[in-house]
Amino acid sequence: MLVSATEMLKKAKAGHYAVGQFNINDLEWTKAVLAAAEELRSPVILGVSEGAGKYMAGYRTVVGMVNGMIKEMDISVPVALHLDHGSYEGCLKCIDAGFSSVMFDGSHYPIEENIEKTTELVKLCHGKGLSIEAEVGSIGGEEDGVVGMGECADPKECKMIADLGVDFLAAGIGNIHGKYPANWKGLSFETLAAVQELTGELPLVLHGGTGIPDDMIKKAIDLGVSKINVNTECQLVFAEATRKYIEAGKDLEGKGYDPRKLLKPGADAIVEKVKEKMILFGSDGKAE
């Protein structure tokens, strides 16, 4: 069933590839991501934001849905269910609900408070066999109402958080959530290299994977990034495919209004986008 993300990311770090975290928003999303992972024999991390968890009727609902799908779809690749950008309270709820991994985003706290809360959650997670991700430096853009300007992390603060025993670390390197603006300056590989030098074998995480050029993605992986988060890109292809279906009048043909038919083009588009990203990240075939 569900596994923590620790081992899959250790293997990714050693093998110089990255495992994708694909955020899920409903049943169609979850089914599409799992189908892509199984087809390409790739380990996968299902990300759930606090907003998405609420939308899907709560964390226990999400756990039940994912565990049921893994069983019914005969999914045999490693699957982690991970809270994305979690608050302290959100982490506690997901640990209790049966998630296999959580992210505590304490980046907006003073470093001392980030350390204090992360220390507590590391002890709690590891006591229950969960993996935990922490964050230093703000990820730009907006995520569930939290707006970050995309500041680069202080490598020394990254070292301080890494030493608390977290399993992987998100360090802000100029990346943002959502669409990237035309005047985006690109990733700070200088910051990433400095963080990698101080944190050693710890897998690093790149948030805001949508819109980053492929060559930058590959360079980030070379510099120690072992987990890359993708959300907006899947939302965009889902919306585009659904729009085309409706604009073509397919929903007016026969029972084309049936949600199973109406949502299928969007779900199929997610499968293809996830497969494309898994191949780019190099995680395809790594579940064997």
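Mentor: Strands are DSSP runs of E with at least two residues, and helices are runs of H or I with at least four, both numbered from the N terminus. Two strands pair if DSSP finds at least two bridges between them. This is a predicted model, where local features need pLDDT of at least 70 and side-chain atom pairs count only at pLDDT 80 or more, while totals for chains, interfaces and linings use all residues. Residues are numbered from 1 along each chain as its sequence is written, and side-chain values use heavy atoms, with hydrogens and water left out.

Trainee: What makes strand β1 and β10 a pair?

Mentor: Strand β1 (residues 19-23) and β10 share four bridges in the parallel sense, and a pair needs at least two. V19 has K227 in β10 as its bridge partner.

Trainee: How do you know that strand β9 pairs with β10?

Mentor: Three bridges join β9 (residues 204-206) to β10, and the two run parallel. Here V205 stands opposite K227 in β10.

Trainee: Why is β10 described as largely enclosed?

Mentor: Six of the six residues of β10 (residues 225-230) are buried, so the rest of the structure largely encloses this strand. Buried means under 20% relative accessible area, with a 1.4 Å probe and protein chains only; over 50% is exposed, and in between is partly exposed.

Trainee: Why does D84 count as buried?

Mentor: D84 has 3% relative accessibility, so D84 counts as buried. D84 lies in strand β3 (residues 79-86). The unreviewed UniProt entry places the feature "active site" at D84; such annotations may be inferred rather than shown by experiment, feature names are shortened, and positions follow the numbering used here.

Trainee: How do you know that L192 is buried?

Mentor: The relative accessible area of L192 is 3%, so L192 is buried. L192 belongs to helix α8 (residues 189-199). Not counting residues up to four places away in sequence, L192 touches I173, L204, A220, L223 and V225; contact means heavy atoms within 4.5 Å. The C-alpha atoms of L192 and A171 are separated by 7.7 Å, although these residues are 21 apart along the chain.

Trainee: Why are α5 and α6 called roughly parallel?

Mentor: The axes of α5 (residues 88-97) and α6 (residues 111-127) cross at roughly 5° and come within 11 Å. Axes are lines fitted to C-alpha atoms over the stretch in contact, and angles run from 0 to 180 degrees between N-to-C directions. Under 35 degrees is roughly parallel, over 145 roughly antiparallel, 65 to 115 roughly perpendicular and the rest oblique. The two helices are therefore roughly parallel.
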